[in-house]
Amino acid sequence: LTEEQIATFLSEYEQHKDYETLKWRYVKRPGAQAARTEAWYGCYGPTQYLKHGENKEKAPVWREDGSIDYGGRAKWDAWDACKGMTEQEAKIAFVRAIRSALAAPHENFY
């Protein structure tokens with residue numbers, strides 16, 4: 001990436017870092033569960049990485065009710081995928097995810 005492209009990504013990160021305030025869709029999962037869209041997890045992972053560093057949590061598999069934890073595992077996977085990133089790389093990954101979400105609003109937002 002050029003310096004200009006990087007500056008654009010970093011500017012967009014500042015503009016969209018409050019992504020959770022958007023009205024994100026839920027996707028139905030087995031067992032009457034619902035999880036967020038892939039784009040939401042694409043934003044979540046880098047955000048967690050920027051706030052807390054590398055994921056050191058144990059990967060969730062089961063919910064308290066004994067069913068598979070789809071949402072928890074997707075969050076964990078998204079955060080864990082950021083291992084080894086620099087702060088700048090995480091911000092760029094976030095912007096790519098939010099751009100993807102905004103390009104398909106009917107799939108990602110209410």
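1. Let's start with tryptophan 24. Beyond its neighbours within four places in sequence, tryptophan 24 is in contact with Tyr19, Arg36, Thr37, Ala39, Trp40, Cys43, Ile98, Ala101, Asn108, Phe109 and Tyr110; contact here means heavy atoms within 4.5 Å. Please keep in mind that this is a predicted model, in which local features need pLDDT of at least 70, side-chain atom pairs count only at pLDDT 80 or more, and totals for chains, interfaces and linings use all residues. Residues are numbered from 1 along each chain as its sequence is written, and side-chain values use heavy atoms, with hydrogens and water left out.

2. Next, the core around this residue. The largest nonpolar core holds 19 residues, of which Tyr19, Trp24, Trp40, Cys43, Phe94 and Ile98 touch the most other members. Helices α1 (3-16), α2 (38-52) and α4 (87-103) are the elements that give two or more residues to this core, and α4 provides the largest share, six residues. A nonpolar core is a set of buried Ala, Val, Leu, Ile, Met, Phe, Trp, Tyr and Cys residues joined through side-chain atoms within 4.5 Å. Buried means under 20% relative accessible area, exposed over 50%, and partly exposed in between (1.4 Å probe, protein chains only).

3. Tryptophan 40 deserves a look of its own. It sits in helix α2 and is buried, because its relative accessible area is 5%. Leaving out residues up to four places away in sequence, tryptophan 40 touches Tyr19, Glu20, Trp24 and Lys75.

4. Arginine 36 is another partner of tryptophan 24. Arginine 36 belongs to strand β2 (residues 33-36). Apart from neighbours within four places in sequence, arginine 36 is in contact with Trp24, Arg25, Tyr26, Val27, Arg29 and Tyr41. The C-alpha atoms of arginine 36 and asparagine 108 are separated by 8.4 Å, although these residues are 72 apart along the chain.

5. Is glycine 31 buried or exposed? Glycine 31 counts as exposed because its relative accessibility is 64%. It lies in the loop between β1 (26-29) and β2. Glycine 31 and tyrosine 70 are 39 residues apart in sequence and 9.9 Å apart from C-alpha to C-alpha.

6. Glutamate 12 is a charged residue to check in helix α1. Glutamate 12 counts as buried because its relative accessibility is 16%. Not counting residues up to four places away in sequence, glutamate 12 touches Val95 and Arg99.

7. Now the overall fold. The chain has five helices and two strands, arranged along the sequence as α-β-β-α-α-α-α. Helices (H or I, at least four residues) and strands (E, at least two) are DSSP runs, numbered from the N terminus. The C-alpha trace spans about 50 × 35 × 20 Å along its principal axes. Of the contacts with a separation of 6 or more, 67% are accounted for by residues 24 or more positions apart. Buried residues make up 37% of the 110 residues.

8. Finally, the record. The unreviewed UniProt entry carries the annotation "domain: ACB" over residues 1-108; such positions are given in the numbering used here, feature names are shortened, and annotations may be inferred rather than shown by experiment. Over residues 1-108 the chain is 56% helix and 7% strand, with the end C-alpha atoms 27 Å apart.
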